[in-house]
Amino acid sequence: MAAVADKARHYLEQSVPQLRDFEAKNIFSQAEIRNLVRKREDFEHRVLSPGCKPADYMAYVAWEKSLEKLRAKRCARLRISQSTSHAGQGRIFGILERSIMRHPGSLELWKEYLTYAKDIKATKRWRRTITKALRMHPAKSELWVIAGKNAAGNNDMSAARNFFMRGARFCTKDSMVWIEYARCEMEWLEKMEERKNKKGGVTRAIAEQAENDDDQMLFDEEDSEDDADENGHLIIPNPDGQTKKVFDNSAAEKLEEKNPALDGAIPMAIFDIAKKQAFFNETSAEQFFDVFAAFPRVSTQPKLVQHVLDTMSELYPHSPAACSCFIRQPLLGISIDSAAYPKALRESLSRLRSSLTSTSDKIQLARKTLAWMNPALESESLDPGLRTVLEHTVQTLPKP
């Protein structure tokens, strides 16, 4: 315990300049500062003890975040402009760095680190952390998804595709990377659709993307050489020699192509490759259907949805998932208060009746049907006549 106390004292002494600043500028009173020191001392003993758990570090970080928010509010109220957030942010980063060194296997700590770095726009720190996380956990789908989404959010689709494709080669036991890759491509297609009628159109948008392809994935000179190659690019785990190659050359060329072409070829290729993987089943196929169905403004959505349905009807013709997707298809992209909704609903109910006689699990199909009918019934925009029809249908569905 003496060693723990010595280490705790060491880390507490590092915060002395910050505490003196609090006192000098009257941000906190002496009594409050004493309480802060006691609280930090308690946290330090907890995280330095042999029985420390990731939750202890999470609690410590949450408390430091709340302290930083309180400091910012008091500085704004007292109109203190000299006090900066650097000391508080640096302390939080120090705790997070210690946490992943102590518990490198905790995904929650890695995600907390990445979330905080992103929230305060510490881009360089975020890059280094995601690289370390991917090296430590190359088979964790969540981390590849975080990396891919961040790159896509920065309009760096080339890097996003690179992350998702590498992640897909590592993560062949579940569908998360593949589903999120398809979602990312649909979001990109939706953005391209929005640019159609704007100045420069899609061509200009793609040109802008090409100009900025590498902006988000480069390290500055002072970054660690261990994290970058000779050209300054991120070194992320390479699956070659560790896992089988799931993308052949023609598929990779299509997925890496900078111009999405607005024809849905990329998300369709992702689905076609995914269905060859060991994890693929009716549930993952339904997940792809839901992803494509969520983008009614993408002009190629009907083709993508139909492609998924064709696959499901071929591989799982009587499964509740395939039947549910078939039933919902006519309603996709149609608002509940539009003139086209009654006709679409009539077609869906007709499909429901036929599917209930052919499905392999009527109870499961009924549950899936209630999942979209109940929200419709809760809508105030629903026509009274249609509400009566839906309520009657709900009552006649098979019960467990």
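**Notebook: helix packing, a pocket and a cavity**

I started with α13 and α15: Pro267, Met268, Phe271 and Asp272 in α13 meet Lys303, Leu304, His307, Val308 and Thr311 in α15. For me contact means heavy atoms within 4.5 Å, and helices are DSSP runs (H or I, at least four residues) numbered from the N terminus. By class, I get five nonpolar, two polar and two charged residues in the contact of α13 with α15. My classes: Ala, Val, Leu, Ile, Met, Phe, Trp, Tyr, Cys and Pro are nonpolar, Asp, Glu, Lys and Arg are charged, and the others, Gly among them, are polar.

Before going on, I note that this is a predicted model, where local features need pLDDT of at least 70, side-chain atom pairs count only at pLDDT 80 or more, and totals for chains, interfaces and linings use all residues. Residues are numbered from 1 along each chain as its sequence is written, and side-chain values use heavy atoms, with hydrogens and water left out.

Back to the geometry. Helix α13 (residues 265-274) and helix α15 (residues 301-315) pack at about 15°, their axes 10 Å apart. That makes α13 roughly parallel to α15, a label for angles under 35 degrees, while over 145 is roughly antiparallel. Axes here are lines fitted to C-alpha atoms, for helices over the stretch in contact, with angles from 0 to 180 degrees between N-to-C directions. I logged the α13 and α15 crossing as right-handed; that is the near helix turned clockwise from the far one by less than a right angle, and left-handed is anticlockwise.

Next I looked up α6 (residues 107-119) and α7 (residues 123-136), whose axes come within 9 Å and cross at roughly 160°. So α6 and α7 are roughly antiparallel. Their crossing is left-handed. On the α6 side I see Trp110, Tyr113, Leu114, Ala117 and Lys118, and on the α7 side Arg125, Trp126, Thr129, Ile130, Lys132, Ala133 and Met136. I sorted the residues of this contact into eight nonpolar, one polar and three charged.

Then α16 (residues 320-328) and α18 (residues 362-378): axes within 9 Å, crossing at roughly 35°. The α16 and α18 crossing is right-handed. Pro320, Ala321, Cys323, Ser324, Ile327 and Arg328 of α16 touch Gln364, Leu365, Lys368 and Trp372 of α18.

Which residues line the second largest pocket? I found Arg328, Leu331, Leu332, Gly333, Ile334, Ser335, Ile336, Tyr341, Trp372 and Ala376. About 220 Å³ of space lies in this pocket. On a 1 Å grid over the protein atoms alone, a pocket is an open set with protein on both sides within 12 Å along at least five of seven lines, a cavity is a set of points where a 1.4 Å probe fits but cannot get out, and lining residues have an atom within 4 Å of a point. Points are joined across faces, edges and corners, and volume is the space filled by probe spheres set on them.

Last, I checked for cavities of 30 Å³ or more and found one. The largest cavity holds about 30 Å³, lined by Gln18, Phe22, Glu64, Leu67, Glu68, Arg71 and Gly88. The largest share of that lining, four residues, comes from α4. I count two nonpolar, two polar and three charged residues in the lining of the largest cavity.

How values were computed. Helix = DSSP H or I, 4+ residues; strand = E, 2+ residues; numbered from the N terminus. Parallel < 35°, antiparallel > 145°, perpendicular 65-115°, else oblique.
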